[in-house]
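Reader: I'd like to go through the aromatic side chains here, and then the packing. Could you start with the terms?

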Amino acid sequence: MIVKQYADENLNDLTRLMNQWSSEVQYRTDEIENCIKQMREKSENKIFIAQNEEGEAVGYVLAGICYYLGANPFVEIIQLLVGEDYRSQGVGVMLVDHVCTYYKQQGISDIKLHSRVERERAHHFYRAHGFKEFKQSKFFEKEL
């Protein structure tokens, strides 16, 4: 198993993984491709892919640096997903470790993430790997 930065050759695998995210939404390859294009043009976010021995992407993490007034920059894990057949096999740990190493080399010393309340299995994973819950928030949205 290796972790590497996303390349366009991983698009179909990434779309397949995204479609495991929720049974309520199914993504098309062109939608994912458009999101990646926008990220590349407008953000510093990075996608890292875990690949099995056959070169198939079996998990990914999307992370980026957040800047707030009055605070040091930190890394945020925006999305982390491991394919259903590869969960509890160390893939998530490899992805999180890769993000930590990559951004530590960039001079960033803190990492944070949000996780939906009902994702108790994910919460257990994060706690087991050194993350501490430090606050709860409510998110609001409005269509523009």
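Author: Rings of Phe, Tyr and Trp (its six-membered ring) pair if their centres lie within 6.5 Å, with planes under 30 degrees apart counted as stacked, over 60 as edge-to-face and the rest as tilted. This is a predicted model, in which local features need pLDDT of at least 70 and side-chain atom pairs count only at pLDDT 80 or more, while totals for chains, interfaces and linings use all residues. Residues are numbered from 1 along each chain as its sequence is written, and side-chain values use heavy atoms, without hydrogens and water.

Reader: Which residues form one aromatic cluster?

Author: Phe-48, Tyr-102 and Tyr-103 do.

Reader: And how many aromatic pairs are there?

Author: The structure holds five. In one of them, the ring centres of Phe-125 and Tyr-126 are 5.4 Å apart and the planes stand at 70 degrees, so this pair is edge-to-face. Tyr-126 and Phe-131 are likewise edge-to-face, because their planes are at 70 degrees, with centres 5.6 Å apart.

Reader: Is Phe-125 buried, exposed or partly exposed, and what about Tyr-126?

Author: With buried meaning under 20% relative accessible area, exposed over 50% and partly exposed in between (1.4 Å probe, protein chains only), Phe-125 is partly exposed at 21%, whereas Tyr-126 is buried at 9%.

Reader: Switching topic, what is Val-61 in contact with?

Author: Taking contact as heavy atoms within 4.5 Å, and leaving aside neighbours within four places in sequence, Val-61 is in contact with residues including Phe-48, Ile-77, Leu-80, Leu-95 and Val-99.
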